[in-house]
Amino acid sequence: MIVAIASGKGGTGKTTVAVNLALSLPGEIQLLDCDVEAPNAHLFLETALATREIVGIPVPEIDADRCNQCAECSRICQYHAIAVLGTGVMVFPELCHGCGGCTLVCPEEAIREVRRPIGVVEKLRAGNIELVQGRLNIGEALVPPLIREVRAKTRDGGTVLIDAPPGTSCSMIAAVRGSDFVILVTEPTPFGLNDLGLAVETVRTLGLPCGVVINRAGSGDDRVHDYCAAEGLEILLEIPDDRRIAEAYSRGRTLVGSVPEVRPLFLSLAEQIQDLATAVPELQAEKGRARVCG
Amino acid sequence: MPVSAVEKRPDSLPVAPAQAALAAVPELVVISGKGGTGKTSVVASFAALAQDAVIADCDVDAADLHLVLDPRTLETHNFVGGHEAVIRQSDCEAGGTCRNVCRFDAVRAGQGSNQFVIDPLSCEGCGVCVEFCPSRAIDFPERTCGEWFVSTTPHGPMVHARLGIAAENSGKLVSTVRGEAKRIAVTHGSKLILVDGPPGIGCPVIAAMTGATGVLVVTEPTVSGEHDMERVLELATHFKIPVAMCVNRWDINPEAAERIEVHGRDHGAVIAGRIRYDAAVTRAQVEGRTVVELGGTAADDIRTVWDRVRRWLEV
Amino acid sequence: MKIVVSSIGGSLDSQVDPRFGRAPMFMFVDTDTGETESVDNSAGTNATQGAGIQAAETVSRLGAECLVTGHCGPKAFRTLQAAGIKVYTGASGTITEAIEQLESGELHLSSGPDVGGHWG
């Protein structure tokens with residue numbers, strides 16, 4: 001069963017929920033940190049690095065001897081990553097999405113593809129948790145391919161948790177799609193409500209079931225509760241607004257480890273997630289296919 | 001397609017566009033790396049304090065500034081970002097070429113047993129399937145992936161946007177919002193452009209900060225805030241943009257706040273001050289107002305930060 | 001001399017567009033023959049990315065020896081340089097005025113980009 005933890009707005013406590021849920025679930029858990037621009041789950045776990053691999057995307061390299069400057073490659077490239085000039089061909093690898101169109105279209109077979117690194121995928125171990133995280137290189141703009149590489153490490157069977165990037169754009173989709181259930185983390189404020197609405201719309205577009213976790217409950221107003229009631233969204237967990245929680249978080253401590261009252265809350269969330277896994281076995285069949293698309 | 005924008009441009013440009021553009025309006029971009037550090041609350045307060053700034057909400061993926069600045073929308077434009085492949089079912093002969101050439105797994109089996117469809121959420125708009133379909137059965141229309149707006153607020157003109165669900169190209173939408181804000185600033189002779197930047201360090205952030213006069217990093221004294229601040233600082237350095245920094249809710253963890261400032265200073269950032277943890281920040285949001293309008297300890301601190309940032313930018 | 005100027009419109013009285021890649025039009029002017037041509041660049045205006053690169057390709061294809069514009073970003077500059085096209089920035093006013101500015105030596109020959117990417 002794959003559970004994605006997402007939120008429309010950043011900083012609502014996605015990573016907190018992902019990490020503390022992972023610690024509350026029994027058995028071997030895989031946690032995929034797909035927030036590759038800001039991978040933070042590792043900060044809350046005592047991890048040992050197991051493996052690291054460099055992730056690259058294929059970009060064209062032009063064989064100047066074969067190239068006759070027909071400019072077919074430049075014509076097909078939607079990303080303007082190739083310019084054919086009177087004096088030669090220029091490639092801008094940082095604009096290339098790796099679609100392979102230029103290689104296919106070149107009549108002279110003058111293009112071969114080489115890997116351009118965009119980040120790394122690391123596997124770490126923390127007790128019964130295997131943490132897989134992507135880390136985007138600084139200055140790199142292309143995010144979804146790295147997320148797809150993290151998702152490609154998804155294990156068969158068992159419980160897999162995904163810490164998704166914030167927002168509702170292509171990066172969030174790349175992380176969330178192919179999961180069986182989405183936990184949307186929000187806070188009871190106008191910003192939280194606005195961004196929750198966008199996230200719910202996105203998850204529904206993907207046809208995925210979802211539930212809501214309200215963080216810093218009691219800090220704002222009731223509009224998020226009203227919205228959830230009106231939309232028929234189940235509130236799975238409310239984490240109280242408590243300065244001790246904020247302080248524990250600030251020091252990289254887990255809530256289940258350092259704030260005793262929070263522990264049963266996460267155990268209850270873990271139970272709900274396990275119930276879900278048994279309630280929706282038919283979703284398992286979809287998994288293999290969905291993972292490939294992720 | 002922002003037709004109206006393109007057509008209107010000559011009319012809305014000042015008399016000597018080149019010179020006007022050369023006399024660039026200072027632009028402050030507020031970013032955070034990590035989300036939820038209070039960036040938008042700070043920007044809204046700056047807008048209230050600056051009064052004559054043009055406000056640009058470039059956090060197009062989770063735009064929230066409009067919730068506290070009470071904009072009245074004057075113009076709405078569609079945002080077109082690239083193209084998307086669409087298979088004409090009537091002409092599809094199900095040869096499967098599209099599926100073989102697509103590197104993004106966007107081609108799926110269609111409703112009928114032997115036809116294909118493109119999943120718009122996976123399509124990268126590369127056009128390779130369009131090129132190689134032997135039946136020429138794939139159209140390649142422009143993709144509308146959001147809207148952008150020009151509005152007025154009690155604190156000055158505002159440009160903001162909404163990226164469509166699952167849409168890409170938020171970098172281009174960010175550039176569009178910034179470009180429009182710049183144009184308005186030049187036309188109105190504004191003293192400052194105030195940009196609410198997106199979280200992260202990827203494409204949208206890069207689009208939001210390149211060429212800016214200065215970047216203000218709003219961070220928080222948490223392990224995540226610290227980690228992401230380091231990455232965002234590296235990014236600003238990479239693009240050679242002057243950086244100022246302020247730690248929000250610093251009293252949650254004073255030692256971490258101190259560490260963050262030391263790290264910032266060591267990496268050439270100007271320390272613009274600290275903001276105390278204050279429940280009034282959330283209350284202001286609930287009331288749909290800016291923090292400085294409501295008042296409180298955080299409001300006092302934001303005023304101090306604004307004063308330093310203003311002098312740092314010389315506006 | 002064959003010159004291309006980034007332009008808001010399609011005539012010699014049109015204003016120079018200070019942006020290169022996203023200018024709506026280019027005016028091609030051959031100062032030796034007096035021949036002029038306006039070239040549409042709406043593809044560049046609407047490009048998702050790489051507008052400057054595409055525009056540089058267009059200018060190269062027109063056989064221009066130099067480009068006159070307001071500003072030129074890094075990728076466009078690299079492309080123009082590779083194509084052997086001289087870049088003059090800081091132009092303003094109408095296309096005719098910009099060409100006068102070029103001929104009287106008022107514009108500076110760029111040795112590098114004068115703005116960052118995505119500046120407008």
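The structure is a predicted model, in which local features need pLDDT of at least 70, side-chain atom pairs count only at pLDDT 80 or more, and totals for chains, interfaces and linings use all residues. Residues are numbered from 1 along each chain as its sequence is written, and chains are lettered from A and ligands numbered from 1 in the order in which they are written.

Chain C contains 4 helices and 6 strands. Helices (H or I, at least four residues) and strands (E, at least two) are DSSP runs, numbered from the N terminus. Along the sequence the pattern is β-β-β-α-α-β-α-β-α-β. The radius of gyration of chain C is 12 Å, close to the 14 Å given by the globule rule for 120 residues, so the chain is as compact as a globular protein of that length. This radius is taken over C-alpha atoms, and the rule is 2.2 Å times the number of residues to the power 0.38. The C-alpha trace of chain C spans about 35 × 25 × 25 Å along its principal axes. Of its 120 residues, 57% count as buried. A residue is buried if 20 or more other C-beta atoms lie within 10 Å of its own, exposed if 12 or fewer, and partly exposed in between, with C-beta atoms placed from the backbone. Among contacts in chain C between residues at least 6 apart in sequence, 49% join residues at least 24 apart. Two residues are in contact if their C-beta atoms, placed from the backbone, lie within 7 Å.

The strands of chain C form an open sheet of 6 strands with mixed pairing, in the order S3-S2-S1-S4-S5-S6. Two strands pair if DSSP finds at least two bridges between them. Strand S3 (36-40) and strand S6 (108-109) of chain C are the edge strands, each pairing on one side only. Strand S5 (residues 86-89) of chain C pairs with S6(C) in the antiparallel sense over 2 bridges. Here, Thr89(C) has His108(C) in S6(C) as its bridge partner. Helix H4 (residues 95-103) of chain C lies across S1, S2, S4 and S5 of that chain. It runs at about 130° to S1(C). Axes are lines fitted to C-alpha atoms, for helices over the stretch in contact, and angles run from 0 to 180 degrees between N-to-C directions.

In chain A, strand S4 (residues 82-85) is covered on both faces. Ile82(A) and Val84(A) lie on one side, Ala83(A) and Leu85(A) on the other, and all are buried. S4(A) pairs with strand S5 (residues 88-91) of chain A in the antiparallel sense over 4 bridges. The two strands form a hairpin with 2 residues between them. Leu85(A) stands opposite Gly88(A) in S5(A).

Gly119(A) lies in strand S6 (residues 111-126) of chain A. It counts as buried, with 24 C-beta neighbours inside 10 Å. Arg135(A) is 16 residues away in sequence, yet the C-alpha to C-alpha distance to Gly119(A) is 5.5 Å. Beyond neighbours within four places in sequence, the contacts of Gly119(A) include Val36(A), Val55(A), Arg135(A) and Leu146(A). Leu146(A) is one of the buried residues of H4(A). Helix H4 (residues 144-151) of chain A has 7 of its 8 residues buried, so it is largely enclosed by the rest of the structure.

Helix H1 (residues 14-24) and helix H10 (residues 262-279) of chain A have axes that come within 9 Å and cross at roughly 80°. H1(A) and H10(A) are therefore roughly perpendicular to each other. Angles under 35 degrees count as roughly parallel, over 145 as roughly antiparallel, 65 to 115 as roughly perpendicular and the rest as oblique. Asn20(A), Leu21(A) and Ser24(A) in H1(A) meet Phe266(A), Leu267(A), Leu269(A) and Ala270(A) in H10(A). The contact has 5 nonpolar, 2 polar and no charged residues. Ala, Val, Leu, Ile, Met, Phe, Trp, Tyr, Cys and Pro count as nonpolar, Asp, Glu, Lys and Arg as charged, and the others, Gly among them, as polar.

The contact between chains A and B takes 50 residues from chain A and 54 residues from chain B. On the side of chain A, H6(A) gives the largest share, 8 residues. That side divides into 20 nonpolar, 23 polar and 7 charged residues.
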